[in-house]
Structure formats: structure tokens, C-alpha cells
Amino acid sequence: MRISKRIVLAAAAALAVTMGGAQAQDMMKLKIGTEGAYPPFNNLEADGSLVGFDIDIAKALCEEMKADCEFVTQDWDGIIPALQAGKFDAIIASMSITEERMEKVDFTNKYYNTPPALAAPKDTDIAGVTKEDLAGKVVGAQGSTTHSNYAEATYTDSEVKLYPTADEYKLDINSGRVDAVVDDVIVLQDWLATDDGACCKIVGTITPVVEIHGPGAGIAIRKGEDELREKFNAAIDAIRANGKYKEINDKYFDFDAYGS
Amino acid sequence: MTDMALNRTAVERPPAPPRRWTAGRFWGNAVVALWVLIGVGFVWYLASSWNPEFVEKYGPRYWSGLKVTVSLVLSSLVAGALLSLPIALGRLSKNRYIGALAYAYIYTFRGTPLLAQVFLIYYGLGQFSNELKSIGLWGFFRDAWNCGFLAFTLNTAAYQAEILAGAIKSVPKGQWEGASALGLPKLFTFRKIILPQALIVALRPYGNEIILMIKGSAIVAIITVYDLMGQARWVFSKTFDFQAYLWAAVFYLIVVEILRNIWAWIEARLTRHLIR
């Protein structure tokens, strides 16, 4: 009895090994880095699961590339060093393609491009999004982002406060420490629709500056991994063509986030 | 005469024992050599990657960050020292309730992370901005620097109180009794007899606490106070160059080294009557 059980177990193990081996051959293993604090693009839910546009797109791309993907969450500030250190193989975290970042990592083509915007409390006296409108005000943004770069470069007559994640500037605009915040319009709209964001409204969208904002959000990979980049680019084109992108897009937005 | 004296001293000293290469001595030297090598490599790296553009562009940021770190730590240490005195006395009090209160304070602030305290005071109290406005305290709490200062002061007061209480307890009871026999008032005894002796004991732990505070202060960047570490992170986000952190480390090292020297001097001064 015991012996036969052992044989069955050994056979099962052998089978699992051979099957696993066969799977590994045609399934590319990929680790995807994301931030998990940037709803509705990527967010870590209370139960520990990752949800959002970036996550769904990443899953669709992995399916398209026949890759076995695993998600890793990582603080924004350290996300590029972690990629370089090999903690994961690609960053799918709404990372804008910029010159500065391109010195350290390679990017795929964009997978979406939405404009930045400025939000402020509902009773604000801020009328527009120009430097003059914000003079003397406190402007908040997430640090190490295109939005913080834009705020620091544009609102030179204002105090610019930089936060580690979007969650913290949301707390501070609620408490009144900052008068306005700059971020992606989608992120702001998503937040304004919640109870937390009931305080505030969009003052206006900001026309993207190519030198600062770049062509949109892309997937960052380590330098020189051209094969992987081409695979991602082909997968982005494929899900754009086969309607998968539109399906995900419509789940989150009422317009095409891919941009023109 | 001189010859004789010389001879005598030569005879009196036993010959130095031969220094053998024991395992301990070998490994000790090996480890020190390794440290020296790492230090040299570190300096060599900084020297070889010396980039005038980097220094010119980001130097002022480091300088302003250094000023924020030093001013924040210094002011909260002084405020914490003042606050620690009543807490330490409470800790030593014979009254059970006062003792428990002081103990609870120290227990809370030593037992929870400084990061959580900073976060709670800045973002936590920020939730009650309307209530704080109505009692006129919002002006203080609105400013991130003030919140950092308050959190550090409360935190370091707990540690300093414990150091001080321990040091005061270490002074023999006979000192109190002697002073009392001489008819000296209690407060005078405490100030002139007990405290100076206690401070000798407390000096090294105090030095440790200050060094820990300097390094602990690196977390204030999460509440948007751009101290030395915050500036280093900012520079890193622009350059993605690890040099940014290396320079921050060098500046922290310099501050701690200066402090170490000051401390050595204070100790020499406080204990000069003990030198034989």
C-alpha cells in the first residue's frame, strides 16, 4: 500500500516536472514592476490584489506575448534602480517617456497618453492653470514625476510641495496645506469621484509640454534588451488592433486614453 | 650619575614579550586592512567621479538640505532636553501616579517608530484642520517643519528622560544624604551635586541619542520637509546617479564626526577632576 502510494507520488512528481519544463519552454517568465498607489492606473487593494488600467493592460500584453507574468510592487522613487538591479524585467506603472529616464532605461512605444490637470478645493479662487493664476499659492505634486517637474519649472512664483505618493498630497489638500495639486487628469478625476475627493474640483487641464511630459506613458525595460522591447511593441500594436485595448479602455474611461 | 639612573631604569623594565602572530592578531589586522581598503575605494570613487557640473548644479541643494537637517535636529534636541527634565523627575517620583504617567509617555514614544509619529502628527492631525483652526493651532500644524520639530521633540524627550533618569539613579544615595546632613536645600543639591555627576554618566548615551536623531531625521522628507536626505532623493530623481546618495552619506558622516569631537572635548572637560 505504502509502496504503491510512493510510486504514484513519484510518477505525479515526474509528470509535474516534465509538464513544468515543457511549459517553461514556450512560456517566457516576466516580472512586472508597478507602484500600486496610483488609481485608477495601478492600485493595491485592501485585500492585497493589484487592479487598474496598467495592470489590465499588462495582463493583456503578457497574454499576447504568451508570457507568464508576475507583479512586483515597488515605491516610485526606487522603481528605476530596482529595474536596473533586476528585481523585475519591465515597469508598467504609467511611467512617462522622458529624456532623463531614457538615459537610464529603454522605453517601448507609448501605451497611453492623457493630459495633466490642476485640481483645487471647490471654493478656490484659482481661476486658471497658468503661472500667474497660481502665484503665491502652494502647489502639490508627487515627487520624481513629470508633474512635479512641470510644477517646479512652471509655477516659479508658488511654493511647490513634493510628496512621496499621490495619497499624501490628497491628504494635504483636504487639510488645506496645499491650495492646488497637479497630476494626470484621469488620476484626478478618479479621485474626485470618491468621498475623499469630494473637497475638490478640476480647475483645468494643462497643455502637455513635450520636453517635460514626453510622448506619453511607456513600458520601461533595461537598456539594450531590444528583443523584449520589440515583443512589447508588437503586443501593444496587437491589442490595439484586436479590440482588447478598447475593451480595457472602455472599462475605465469614456474616451480613448491612447491619445492621438 | 646619569649613567646609573639610565641603567637602573633599563633594569627595572622587564623585556617586552615577543609579539606573536596569533589568530586574533592576524584577523584583527586583516579586518582593519579591509576597512582601510573600503575607505580608500570610497574616496577614490568620489574623487574619480568628481563632476564640477554636478557640484555646481546640486551643491546649493545639499547645502540647504544640510541647514534644514542641522537646524531641525538642533532645535528639537534642545526642546526635547527641556521637556525631558520634568519627565525624568516624574519617572523618579515617589508618587505612583506621576511615575506611571511619565513611564507611559516614555513607553509610548520609545515603543513606536519615529516614522509613524511623524506621519500621525503631520497627516493625522491634518485631518482635524477645522478643529485645529477653531482653537487657533492650525497656524502651527500647517507648517511641515513645525510638525517635524514637534514629532522629533516628543520622541527625543522620551529617550533623553530615560537617559537622565537612569543617570540620576546611578548617583549614590549617600550624596543626597550628605548634602541633607549639611543642611543644603533639595533643589540646590540636585542642581549642584547630583546633576553634574549624573551628566558624566549620561554624556555618552546623550551623544548616541543625538547621532541617532541626526540620522533619524532623514525621514522628514515624507512630510515634504526637504532635509539633506530629501534633497539627495530629489537629486537622484533628476540624475538617477547613486552619487547623489553617496554625497548625502558623506555629509552625514561629517556632521557626526564633528559631533564626536565636541563630545570628546566635553567629556574631557567634565571628567578633568577624575584624571590621575
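In the predicted model, A:Gly33 lies opposite A:Ile91, a residue of strand 6 of chain A. The pairing of strand 1 (residues 28-34) with strand 6 (residues 90-96) in chain A is parallel and extends over two bridges. Both strands belong to an open sheet of five strands in chain A, ordered 5-1-6-13-7, in which the pairing is mixed. The edges of this sheet are formed by strand 5 (67-73) and strand 7 (105-112) of chain A, each of which pairs on one side only. From one strand to the next, the twist averages 30°.

Chain B contains twelve helices and zero strands; read from the N terminus, its elements run α-α-α-α-α-α-α-α-α-α-α-α. The radius of gyration of chain B is 26 Å, whereas a compact globule of 276 residues would have a value near 19 Å. The C-alpha trace of chain B spans about 90 × 70 × 35 Å along its principal axes. Buried residues account for 27% of the 276 residues of chain B. Of the contacts in chain B between residues at least 6 apart in sequence, 75% join residues at least 24 apart.

Within chain B, the loop between helix 11 (228-239) and helix 12 (243-270) includes B:Asp241. The C-alpha atoms of B:Asp241 and B:Ile168 are 49 Å apart in space, and the two residues are 73 residues apart in sequence.

How values were computed: Residues numbered from 1 in each chain as written. Chains lettered and ligands numbered in written order. Predicted model: local features only at pLDDT ≥ 70, side-chain atom pairs only at ≥ 80, totals over all residues. Pairing = 2+ DSSP bridges. Helix = DSSP H or I, 4+ residues; strand = E, 2+ residues; numbered from the N terminus. Axes fitted to C-alpha atoms, helices over the stretch in contact; angles between N-to-C directions. Rg over C-alpha atoms; globule rule 2.2 N^0.38 Å. Buried ≥ 20, exposed ≤ 12 C-beta atoms within 10 Å, placed from the backbone. Contact = placed C-beta atoms within 7 Å.
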